[in-house]
Each structure stands twice: as C-alpha cells, then as structure tokens.
Amino acid sequence: MSEQGESQARFTQPSTPASFSPPSSASTEVSPKKRKLTSDVWNDFKKIKTDGQDYAVCNICNLKLKATSENGTKTLYEHLGRCKKQRSMDARQQHFQANQRRNDGQVEYRTLVFDQEASCHELASMIILHDYPLSIVNHIGFQRFLSSLQPMFKMVSQKTIKSNILKIYDSE
C-alpha cells in the first residue's frame, strides 16, 4: 500500500456494528435543569407553571405575571414599586420579635412593621405626658438613643412635633 493509502486507512471511520442501535429520542430527552432564582425580587414572588407557561405570583397581592426567562425580572421589580399592599408592608421595615410561650416553652415569632407616623405620634404623646421641652428632638443624646432603638426613624423638627402635639390636643 502506498503512503497516501495508509494515511487514508488510518483516518476512516470504523463501521457501525449491526447490533448497535442509537437510543430512542424519548429516552435521551433530558429535562432542562431548573435554574436557581438568584434575583432578590424572587423573595416577593413565587414561581408557578400553568399550562406549560411560567408565571410569577406576587406574595403580597397574589397578582400573576408572566415569568419567562426572556422577560427577565424588570416587570417584577416594576410591580413591586406599584403594588399597593407593598407600600404598607415594605420588607426592609419588618422586624421579628420573639415571644416565649409560658405553657410549653416554645418560642413564637411575629413580624413587626415600622411605622414612621405612629412613632411620631408616640413621640408627641411622650412629650405631652412627661412635659418634656420641644427642643428634646434636637438633643444629640436623644437622637442617638432613638437611632440605636430604630435606625429607620427619621427625627422630626420642633415645628413638626409642635404641630403633632396640637393635633393630639384638638382630637381630645
């Protein structure tokens, strides 16, 4: 055999044995891997499949939105910005409080939601009750103390606290 014939013989494909049959397409069909939902927006949505279509259901208002991989998460973020129930229950404002049950010793957790308006009302009530000066809202030590208790509380001005106190007097 010539040199050229030997090189062709080395690179030819071996023939398929007669007993070999490729696996059927049904058995080789690999189900697509379920991808991990990495976006933070999925903390507020649950992914469901209905009639072969992926949907995201809002955990707050139960609105059903399309959730295909082509759409991304922009629509979900936009919904959270518009969601009416979301405004009253912002996840960043939630805190857990542990309450110990006396009977069986188990601990029960409940969610607390910070409310700026309610806190301002309580501050005005405290100033009335203890006859504190309105300038207490300007005291650095008092501001630090409130910040350590609730970092989300935005201190109000003397003018605002005076207005809140007058509203309390008017309502009583």
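**Exercise 1. Where does N62 lie in the chain?**

Let's work through this together, keeping in mind that the model is predicted.

- Step 1: Find the neighbouring strands. N62 sits in the loop that runs between β2 and β3 (64-66).
- Step 2: Look at the backbone. The phi of N62 is near 65°, which is positive even though the residue is not a glycine.
- Step 3: Most residues other than glycine have a negative phi.
- Step 4: Check the surroundings. N62 has 58% relative accessibility and therefore counts as exposed, since exposed means over 50%.

**Exercise 2. Find the loop that holds D51, and decide whether D51 is buried or exposed.**

- Step 1: Locate the residue. D51 belongs to the loop between β1 (45-50) and β2 (53-58).
- Step 2: Read its phi. D51 is not a glycine, yet its phi is positive, about 55°.
- Step 3: Judge the accessibility. The relative accessible area of D51 is 82%, so D51 is exposed.

**Exercise 3. Describe the fold pattern of the protein chain.**

- Step 1: Count the elements. The protein chain has seven helices and five strands.
- Step 2: Along the sequence, the pattern reads α-α-β-β-β-α-α-β-β-α-α-α.
- Step 3: Of the 172 residues in the protein chain, 20% are buried.
- Step 4: The accessible surface of the protein chain is about 14,200 Å², and carbon and sulfur atoms account for 51% of it.

**Exercise 4. Work out how helices α5 and α7 are arranged, and which residues meet.**

- Step 1: Get the geometry. Helix α7 covers residues 158-171, and it packs with α5 at an angle of about 80°, the two axes being 9 Å apart.
- Step 2: Name the arrangement. Angles of 65 to 115 degrees count as roughly perpendicular, and therefore α5 and α7 are roughly perpendicular to each other.
- Step 3: List the partners. From α5 come C120, H121, L123, A124, S125, I127 and I128, which meet I161, N164, I165, I168 and Y169 of α7.
- Step 4: Sort them by class. This contact of α5 with α7 has nine nonpolar residues, three polar ones and no charged ones.

**Exercise 5. Compare the separation of E122 and N164 in sequence and in space.**

- Step 1: E122 and N164 are 42 residues apart in sequence, while their C-alpha atoms are 9.8 Å apart in space.
- Step 2: Finish with accessibility. With a relative accessible area of 52%, E122 is exposed.

Key: Residues are numbered from 1 along each chain as its sequence is written. This is a predicted model: local features need pLDDT of at least 70, side-chain atom pairs count only at pLDDT 80 or more; totals for chains, interfaces and linings use all residues. Side-chain values use heavy atoms; hydrogens and water are left out. Helices (H or I, at least four residues) and strands (E, at least two) are DSSP runs, numbered from the N terminus. Buried means under 20% relative accessible area, exposed over 50%, partly exposed in between (1.4 Å probe, protein chains only). Accessible areas come from the Shrake-Rupley method with a 1.4 Å probe; for residues, only the protein chains shown count as cover. Axes are lines fitted to C-alpha atoms, for helices over the stretch in contact, and angles run from 0 to 180 degrees between N-to-C directions. Angles under 35 degrees count as roughly parallel, over 145 as roughly antiparallel, 65 to 115 as roughly perpendicular and the rest as oblique. Contact means heavy atoms within 4.5 Å. Ala, Val, Leu, Ile, Met, Phe, Trp, Tyr, Cys and Pro count as nonpolar, Asp, Glu, Lys and Arg as charged, and the others, Gly among them, as polar.
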